[in-house]
Structures are given as C-alpha cells and as structure tokens.
Amino acid sequence: MTVGLGTGTTAALMLRRLGERIRDEKLEFIAVPTSRATAELARELGVALRDVDEVAELDVNIDGADEIDSQYRMIKGRGGALLREKIVACIAKKRVTVITDDKRVDRLGQGAPVPVEISRMGAKHIERRLQKLGARTELRRHDDGPFVTDGGNLIIDCHFAEITDPADLDARLKSVVGAFETGLFIGLCDVLVVGTTDGVELIETKAARFPGCE
C-alpha cells in the first residue's frame with residue numbers, strides 16, 4: 001500500500017504504532033509524509049518513504065484533526081503542516097481521520113482558530129486583509145520568532161466569533177492575495193476513528209469529495 005502520514009500529536013502516536021507492526025509483524029508499505037517531523041520519525045521507525053510527486057495516488061491517508069463537526073468538516077493545522085496535509089489528502093483514495101472524542105464540536109471554531117498559511121512577503125498586509133474578513137488574528141510564533149512552515153511560509157491563526165458556513169469562509173480566506181491555504185478541511189474525511197472512554201468508534205462518513213481535489 002501507499003499511505004499518507006499526517007502531522008501532529010495524534011499522527012505521531014499512529015505512526016509509532018505502525019512502527020511496532022513493522023517490527024513485530026513485518027508490515028510493509030510505502031509512505032508519503034506531510035512534514036519533516038513526520039518524515040524523521042518515520043525513518044527512525046523503518047518506514048519506507050516517497051515524495052508526494054513520486055506517487056500517482058495514495059491508497060489511504062491517515063491524520064488527526066483539531067476539531068470536527070457533525071458534517072465531518074474539520075479544522076486542522078495545529079501541527080503547522082496544513083498546506084502539505086491538504087495536498088496529500090487530495091491524492092488519497094480514502095482519507096481516515098483519527099481523533100479523541102473531545103475534538104467533536106457542534107460548530108467549528110468553538111475552541112480552535114482557523115490557521116491560514118501565508119506568504120512571508122507582505123505578511124502584515126495579508127494579515128490586515130484577513131482581519132477585514134472578521135478575524136481576530138495572531139501570527140503563530142515559535143521560540144523567539146515567527147513559526148515558519150516546511151515550505152518557508154508563515155501561519156496566521158484566525159479566530160472568528162462564529163463560523164456559520166465553513167466552505168464559504170474557506171473560499172473567502174483563500175481569495176486574499178498571499179493566502180496559500182486554510183486549515184478548513186471540507187469533504188476530506190471518509191472514515192472517522194474516535195477514541196472514547198468506552199472504546200473505539202468507527203464511522204464511515206460518506207462525505208462528498210472536496211472539489212479542489214478533482
């Protein structure tokens with residue numbers, strides 16, 4: 001199989017479990033990582049890696065989410081790899097999202113901001129335009145400076161008082177010149193795996209495919 005590997009705390013736990021199966025069960029697959037951090041961990045665990053442009057498609061993509069609503073629309077990107085995660089998810093035949101039960105929300109944006117990956121050039125101007133769309137914004141920071149993605153971009157975390165139409169908001173945010181991608185993932189969850197206090201819940205979502213992937 002060819003497998004997309006997400007980024008973040010949940011994705012790292014999933015990857016470590018796959019590493020155990022490689023060691024104990026001789027499991028074999030080729031993986032496409034969504035970040036340098038995921039790639040480094042995968043190499044440590046003996047996972048065979050390929051670049052996204054070296055594969056025609058993926059059999060499955062496995063990743064986490066920061067929030068997910070009842071229509072399986074998600075906010076992702078807390079791990080800082082939202083652009084690469086969406087590119088990889090789009091070439092997968094099946095997209096699996098793994099979460100804990102507290103990530104399920106009635107409405108997106110209740111606890112998580114919407115990250116927007118932007119150009120470093122003109123960042124202040126881009127941020128002002130995002131604010132005009134109703135966002136309270138924060139430039140994501142790391143240590144003593146701005147957080148820089150693996151692609152060399154910045155992330156603006158956008159807080160909205162209410163998100164009534166995630167698809168419309170996604171389109172409006174991406175209409176800002178210099179905004180490359182948002183952390184709103186719509187139509188990109190085919191299977192939802194939820195860890196609860198009572199065990200694991202598995203949901204086939206039958207979500208419509210994200211039109212940007214066609």
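Guide: K86 sits over the face of F185, 4.7 Å from the ring centre. Over a ring means NZ of Lys or CZ of Arg within 6 Å of the ring centre and within 35 degrees of the ring normal. This is a predicted model, where local features need pLDDT of at least 70 and side-chain atom pairs count only at pLDDT 80 or more, while totals for chains, interfaces and linings use all residues. Residues are numbered from 1 along each chain as its sequence is written, and side-chain values use heavy atoms, with hydrogens and water left out.

Visitor: What lies over the face of F147?

Guide: R140, at 5.9 Å from the ring centre.

Visitor: OK, cysteines. How many disulfides does the count come to?

Guide: One, taking a disulfide as a pair of cysteine sulfur atoms within 2.5 Å. C90 and C213 form the disulfide, with their sulfur atoms 1.8 Å apart. The pair links distant parts of the chain, 123 residues apart: C90 is in helix α3 (residues 82-90) and C213 in the segment after β16 (199-204). Helices (H or I, at least four residues) and strands (E, at least two) are DSSP runs, numbered from the N terminus.

Visitor: Why is the disulfide left-handed?

Guide: Because the torsion about the S-S bond of C90 and C213 is about -60°.
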